[in-house]
Amino acid sequence: MTTYKICLLPGDGIGPEIIAEGVKVLDAVGAKHGVGFEYEEALIGGIAIDETGTALPEQTLDVAKAADAVLLAAVGGYKWDTTDPTKPRPEQGLLGIRKGLGLYTNLRPVQIFGALSQASTLKPEVIDGVDMMIVRELTGGLYFGARERFYDEAGAGVDGACGQRAYDTLEYREYEIERIARQAFEIARKRRGKVSSVDKANVLETSRLWREIVHAVHDADYADVELEDILVDNCAMQLINRPADFDVVVTENMFGDILSDEAAQITGSLGMLASASLGDATALYEPSHGSAPDIAGKGVANPLAQILSVEMMLRYSFDMSQAADDVRRAITHVLDEGWRTGDIADACTAPERKVGTAMMGDLVVRSL
Ligand code: NAD
């Protein structure tokens, strides 16, 4: 029997509660599909700061690197909120592990569960059939380029004025664009076969390079995939206007950061959104939401985003697409039956169908 090693990073707040449900579902999938999952838990975020003084202990990175995949819940909380730059912060754990594992692709699926379509602020006919994957480059561009802030003395500024000046640098290398383009085309082949490449090629030199490389990769190896170029400002409008037309959207770091949050809002349900970060080795899977300290420890958090991150793990790390489809079908079934955690319940939810974290996990397992 194949056995996969999973590094579990529960983190803070609702993290331990929701990750337990992810494990429950993985175990059920393993039993059904004849695969074993072994778990090793490690510290990250606020709890790691409390126990070791740093948000990402070296041992955690070692455990993550040795695993076949990493399942993360969330980090952060009031206790560790600080503006003191000398104090460690939980988010340093997230940035550190992404860097440590060389994760350069972030995948954010945006799908509508029919039973929750009323949660969107868009009209039902606009969101009908929405099923897209945002593929964001994660380690290049403006967030990692050289930056500086300085003070121009009188007469030193471009126009002779004095005052503060700052710059950030947007830089991309050919190999960075090529590898993310390949990821996007590969994913499109497993979906509806269409890639929308987002840039600002009418203004930015990096975008012109982006467009050239994406087309070169496409023409050489992925001519069977449909490719369209779309300017980022137009894309921001079309995501709201005709979201169901998008399949795979690939873009650079900052455009992807903004567009993936915009696209996430199409669903209207934060507790339902998962994400995957991929590199060339171990990948990391997590919900898109935070550690929800306001409801931590109450057993009411929605575990479905965490369970959907398990679905992505099965699909992208273990090539178990049938098992991944099973998980998605099980969630759809549970929602269609009217079961809801507090965050996705509404006036139509029958009181006896309002459930807590563990019960929602049990229902998904039963449905599997
Ligand atoms: P949040 O996503 O934690 O919570 C926003 C709101 O959504 C809260 O009302 C919360 O109760 C609710 N919510 C979130 N997930 C839920 C779930 N699964 N079920 C039910 N309700 C849910 O965002 P925030 O309040 O801005 O941040 C809280 C902490 O989380 C902060 O310390 C922040 O830095 C951290 N954070 C971590 C990550 C991460 O680990 N990837 C991401 C975002 C924020």
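The lining of the largest pocket comprises 13 nonpolar, 11 polar and nine charged residues, where Ala, Val, Leu, Ile, Met, Phe, Trp, Tyr, Cys and Pro count as nonpolar, Asp, Glu, Lys and Arg as charged, and the others, Gly among them, as polar. This is a predicted model, in which local features need pLDDT of at least 70 and side-chain atom pairs count only at pLDDT 80 or more, while totals for chains, interfaces and linings use all residues. Residues are numbered from 1 along each chain as its sequence is written, and side-chain values use heavy atoms, with hydrogens and water left out.

The largest pocket holds about 860 Å³ of space. A pocket here is an open set of points on a 1 Å grid over the protein atoms alone, where a 1.4 Å probe fits, with protein on both sides within 12 Å along at least five of seven lines; lining residues have an atom within 4 Å of a point. Grid points are joined across faces, edges and corners, and the volume is the space filled by probe spheres set on the points. Of the 33 lining residues, Leu94, Leu95, Arg98, Arg136 and Glu286 are the closest to the centre of the largest pocket. Two or more lining residues come from each of β3 (69-74), α4 (91-100), β4, α9, β11 (274-278) and β12 (283-287); helices (H or I, at least four residues) and strands (E, at least two) are DSSP runs, numbered from the N terminus. Helix α4 gives the largest share, five residues.

The second largest pocket has about 410 Å³ of space. Its lining has 22 residues, and those closest to the centre are Gln111, Arg191, Glu311, Arg315 and Tyr316. Here α10 supplies the largest share, five residues, and β4, β5, α10 (304-316) and α11 (321-336) each supply at least two. By class, this lining has 11 nonpolar, two polar and nine charged residues.

Several of these strands belong to an open sheet of 10 strands with mixed pairing, in the order β2-β1-β3-β12-β11-β4-β5-β10-β8-β9. Strands pair if DSSP finds at least two bridges between them. At the edges, β2 (36-41) and β9 (226-231) each pair on one side only. Neighbouring strands are turned by 25° against each other on average, direction ignored. Within the sheet, β5 (131-137) and β10 (248-251) pair in the parallel sense over four bridges, and Val135 stands opposite Val250 in β10.

Helix α9 (253-264) lies across β4 (105-111), β5, β8 (194-199) and β10, and runs at about 155° to β5. Contact means heavy atoms within 4.5 Å; axes are lines fitted to C-alpha atoms, for helices over the stretch in contact, and angles run from 0 to 180 degrees between N-to-C directions.
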